[in-house]
Amino acid sequence: MGTLNAANTTIQAAEGGFHAPSMAEFFPEAVLFQGSPFEMNRVMIIRILATVAVVVLLAVWANRMKLIPGRFQSAMELAMEFVTVGIAEDTMGKAKAKKFMPLIVAIFFGILFWNVTKLIPFLNMPGTGVIGLPIVLTLTVYVTYHWAGIAEKGLGGYLKDSLILPGVPWPMHILLIPIEFITKFVTQPFTLAIRLFANMMVGHLLLVLCFTATSFFLVDASNGFQFFSIITFAGGFFVFILEMLIVVLQAYIFALLSCVYINAAISDDH
Amino acid sequence: MTPVHIVAASENPLLPALPDIIWSAVCLLIVFLVVWKYVLPAFNKTLDERAERIQGGIEKAEKVQAEADQALAEYQKQLADGRAEAARLRAEAQEEGAQIIADMKAQAHTESDRIVAQAQTQIEAERQAAMVSLRSEVGTLATDLASRIVGESLTDDQRSANVVDRFISDLESQSSAQPVKGA
């Protein structure tokens, strides 16, 4: 695991006994600007590294774009079209998607890179595994879809469209309006943020658990138990492969749901 | 499960710390701005250019096709015109040929008539000449013969001429009377 984790493990190993990974993993000590609102710890640095990586990759691609693409450009175009067409346009339609395209593309590639740091040696920590980033992402989408809905239909029209289901006998609205309100204004953003955050956090904890256990069985456990290190390592390896999928999947789901929510807010049909 | 180091207030993982929010927002903003201002416009521009190039190619091909069609139609029209012209010329030539043949025939006819007439005239003239020479020779011979027979000189021109003339007139009256009779 990361340098700090490795340090923890060594300390733990030195102390003897096995310490399961804890939430403290996600709140390492501040290393820069301590005490200020710009306080930086390891997670923040990892996020910034991932941000620089995605920006450099996209900018290099955009900079070298040619009419007849090479391999790198083709691959990037494939990825970009997966987002622009596969996610945004297929959900919202070409005309509506155009306006929100920068946000959706930024969300997809951003989340992908902030997620993937958890699989990169010496970083080993998802930028999205600490709640701040999922909250900021969700807030951006949340504000966007409400703002887009209000801009499209006016405040009254938007609220009416969002909360009142058509073709329902009126007494049902006593029940349905609060449910719709909670769905649109509370549940949707909450699940959007928690889904990403929890997936990343738990995946990381699983990886740490598997590999620290492997380390424990190999180094500290009595000879009879060293066999278990094979099982825990295999488990860790499996989780690692699974995380490769989840890293992409969560970026996809987040971008897709963003499109779905925006589309629901600006479309006439319920 | 005691963490090795002391963690600040945000032990609840669902409550974000302020720096967490700030750095998240900074990161998202940077990615968003780069995508919005630089990456997507470049991407869209490339796609548009590519589509335009393909579109241009299709249009060019259509134009060339239309030109080829027009050229073909023109060529076919020219060919048809040429054929019609050829047929017309052939008909004209045939007509002209027939005309020429008729002219030639007529000309040959007159020519042959003329030759025949000329030949007849010539024959007549020769006959006349022969007649004249015959007359004189026969006269001379006859008188010579007669004078030998009679012993008398008939060389007296005046007289001998009278005798010959009379003789020939008899011959003529005989020869002209006989065919009339015979006819």
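How many residues does helix H3 of chain A have, and how far does H3(A) reach from its first C-alpha to its last? Helix H3(A), residues 71–92, has 22 residues and reaches 30 Å between those two atoms, close to the 32 Å expected at 1.5 Å a residue; the expected span is 1.5 Å times one less than the number of residues. The structure is a predicted model, in which local features need pLDDT of at least 70 and side-chain atom pairs count only at pLDDT 80 or more, while totals for chains, interfaces and linings use all residues. Residues are numbered from 1 along each chain as its sequence is written, and chains are lettered from A and ligands numbered from 1 in the order in which they are written.

Chain A has seven helices and two strands, and along the sequence these follow the pattern α-β-β-α-α-α-α-α-α. Chain B, by comparison, has two helices and zero strands. Helices (H or I, at least four residues) and strands (E, at least two) are DSSP runs, numbered from the N terminus. Buried residues make up 39% of the 270 residues in chain A and 8% of the 183 residues in chain B. A residue is termed buried if 20 or more other C-beta atoms lie within 10 Å of its own, exposed if 12 or fewer, and partly exposed in between, with C-beta atoms placed from the backbone. Among contacts in chain A between residues at least 6 apart in sequence, 66% join residues at least 24 apart; two residues are in contact if their C-beta atoms, placed from the backbone, lie within 7 Å.

Helix H3(A) bends by about 30° at A:Glu81, the bend being the angle between axes fitted to the seven residues ending at a position and the seven starting there. Its buried residues are A:Met76, A:Met80, A:Val83, A:Thr84, A:Ile87, A:Ala88, A:Thr91 and A:Met92. The cover over these residues includes helices H2 (42–63), H4 (94–116) and H7 (228–266) of chain A, together with helix H1 (18–150) of chain B. Just after H3(A), A:Gly93 takes a positive phi of about 90°.

Helices H3(A) and H4(A) pack at an angle of about 135°, with their axes 9 Å apart. Axes are lines fitted to C-alpha atoms, for helices over the stretch in contact, and angles run from 0 to 180 degrees between N-to-C directions. The two helices are therefore oblique to each other, since angles under 35 degrees count as roughly parallel, over 145 as roughly antiparallel, 65 to 115 as roughly perpendicular and the rest as oblique. Their crossing is right-handed; a crossing is left-handed if the near helix is turned anticlockwise from the far one by less than a right angle, and right-handed if clockwise. The residues of H3(A) that meet H4(A) include A:Val83, A:Ile87 and A:Met92, and their counterparts in H4(A) include A:Phe100, A:Ile104 and A:Phe108.

Helix H4(A) is mostly covered, with 17 of its 23 residues buried. H4(A) bends by about 65° at A:Phe100, and a proline, A:Pro102, follows within four residues. A:Ala106 lies in H4(A) and counts as buried, with 27 C-beta neighbours inside 10 Å. Leaving aside neighbours within four places in sequence, A:Ala106 is in contact with B:Val31, B:Phe32 and B:Val35. A:Ala106 and A:Ala255 are 149 residues apart in sequence and 9.1 Å apart in space, C-alpha to C-alpha.

Most residues other than glycine have a negative phi. In the loop between H4 and H5 of chain A, A:Phe122 has a positive phi near 75°, and A:Asn124 has a positive phi near 50°. A:Phe122 is exposed, with 11 other C-beta atoms within 10 Å, whereas A:Asn124 counts as buried, with 22 C-beta neighbours inside 10 Å.

Helix H5(A), residues 132–163, and H1(B) pack at an angle of about 55°, with their axes 8 Å apart. H5(A) and H1(B) are therefore oblique to each other, and their crossing is right-handed. Residues including A:Leu133, A:Val136 and A:Thr140 in H5(A) meet residues including B:Ile21, B:Ser24 and B:Leu28 in H1(B).

Chain B is also touched by A:Met40, a residue of strand E2 (residues 40–41) of chain A. Not counting residues up to four places away in sequence, the contacts of A:Met40 include A:Ala30, A:Phe33, B:Pro19 and B:Trp23. A:Met40 counts as partly exposed, with 18 C-beta neighbours inside 10 Å.
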